[in-house]
Amino acid sequence: MGSTDPPADGPSLERLSAVFRVYEARRDGDRLVYYGEPLVSRERLLEAAWPLFREHGYEVQLTTETGEYVLVAEPTDNSIDGIPWTNVVLFLLTVLSTLYAGRAWYHIDPATLGQNPLAILRAWPFTAAVVGVLLTHELGHYVMTRYHGVDATLPYFIPMPSLIGTMGAVIRMKGQMPDREALFDIGVAGPLAGLAATIVVTAIGLSLPPETVPAEMMTGPNVIQIEFGYPPLLQFIAAVLGEPTTYPPGQSVNPVVIGGWVGMFITFLNLIPAGQLDGGHIVRAILGEQQERIAALVPVALFGLAAYVFYVKEVSNASVLWVVWGLLATYVAYVGPANPIDDEGLDPKRKAVGILTFVLGIMCFTPVPIEIIT
């Protein structure tokens, strides 16, 4: 058995005595370990112990070792140690993949890249639009994790050879969520920041001249036509600016507008109210554990949307998209959102912001976001 005296830089036994009866306390490397007996429920124990360890610079969890209950505290460290090479490499690869995807929207023949690789740089406005929107979204999350002292990584970009060149970006939260306020602020900051950037990008794109489509790319057996479904928010911005969203044959919308479309599409997907998605965090913060009921209905709604698009709209590729997201929503609903240590309710102002965020998210929705015609 170890000492019953706590490590000097940990909370005293007296401060824990009402929720956890300690019979051994020691240091294990950088960790503090307190063996003992919980006197209250797990939720109540963590709610009381977490701030005590936090003020000493530790993140605490309740676990079991060989049948014994143990409070394990690890140092909280939100600093960035050295150059985050994984983040940097993924970011650069995403820049390259979006440049290559943007090549198609600027009608650059791939054959010309062999003779002049730098021609791909003509697609930089599309890359700047897409990457800028994604980066702003993730930095919204990251800034709030720093504000609330939640340990999180820098954004990881996900390059992907596709029509837009990426599958988005994520940050990974490593620390526990202190309360509903932190869960809400972190969850809502990404969509709102990203949407602000999206509105700016869309307005710029709509104000730019359209692209001229070469004649050889308009006809032929191998020509694939791609049509975007513009959500209400994009149409509203166009109406305010007095700019068109469609052009006659031989012209196409400026690719920067597609970057704005990407931002709106990603905003809507992130606000799906299930699991670890931003919408799941926001609803969990507002409704508490009642969020599970809404999350259970989300896959049903998405599968229903897929059926509507397939049978009524008769667009099979968009139907497949919603089936995939229905399956993903099933998984994330099962995993569930982050659970805050302090589960007290939110203030009315945050609830109002949450409702407004979902209204904006609905304005980013269209049942057929993209249609590929061969």
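User: Which residues have the most contacts inside the largest nonpolar core?

Analyst: This is a predicted model. In it, Phe126, Trp261, Ile272 and Trp322 have the most contacts inside the largest nonpolar core, which has 56 residues. The largest share, 10 residues, comes from α8. Other elements giving two or more residues include α5 (124-147), α6 (180-207) and α10 (291-313).

User: What makes a set of residues a nonpolar core?

Analyst: The residues must be buried, of a listed type such as Phe, Trp or Ile, and joined through side-chain atoms within 4.5 Å. Another core, of 20 residues, lies apart from the largest one. Among its residues are Ala49, Phe53, Val60 and Ile341.

User: What does isoleucine 272 touch, beyond residues up to four places away in sequence?

Analyst: Isoleucine 272 touches Leu277, Gly279, Gly280, Val298, Leu302 and Trp325.

User: Why is histidine 107 called buried?

Analyst: Buried means under 20% relative accessible area. Histidine 107 has 17% relative accessibility, so it counts as buried. Histidine 107 lies in the loop between α3 (85-105) and α4 (110-115). Its phi is positive, about 60 degrees, although it is not a glycine.

User: And threonine 66: buried or exposed?

Analyst: The cut-off for exposed is over 50%. Threonine 66 has 80% relative accessibility, so it counts as exposed. Threonine 66 sits in the loop between β3 and β4. Its phi is also positive, about 50 degrees, and threonine 66 is not a glycine.

User: Which are the edge strands of the sheet?

Analyst: The sheet is open, with 4 strands in the order β1-β2-β4-β3 and antiparallel pairing. β1 (20-28) and β3 (58-65) each pair on one side only, and these are the edge strands. From one strand to the next, the twist averages 25 degrees.

User: How do you know that β2 and β4 pair?

Analyst: Pairing needs at least two bridges between the strands. Strand β2 (residues 31-38) and strand β4 (residues 68-75) have 5 bridges, in the antiparallel sense. Glycine 36 stands opposite tyrosine 69 in β4. Helix α2 (residues 42-54) lies across β1, β2, β3 and β4.

User: Which residues of α8 and α11 meet?

Analyst: Phe265, Phe268 and Leu269 in α8 meet Leu321, Trp322 and Trp325 in α11. Phe, Leu and Trp count as nonpolar. By class, then, this contact has 6 nonpolar, no polar and no charged residues. The two helix axes come within 12 Å and cross at roughly 35 degrees.

Technical notes:
Residues numbered from 1 in each chain as written. Predicted model: local features only at pLDDT ≥ 70, side-chain atom pairs only at ≥ 80, totals over all residues. Heavy atoms only, no water. Axes fitted to C-alpha atoms, helices over the stretch in contact; angles between N-to-C directions. Contact = heavy atoms within 4.5 Å. Buried < 20%, exposed > 50% of the residue type's maximum accessible area, 1.4 Å probe, protein only.
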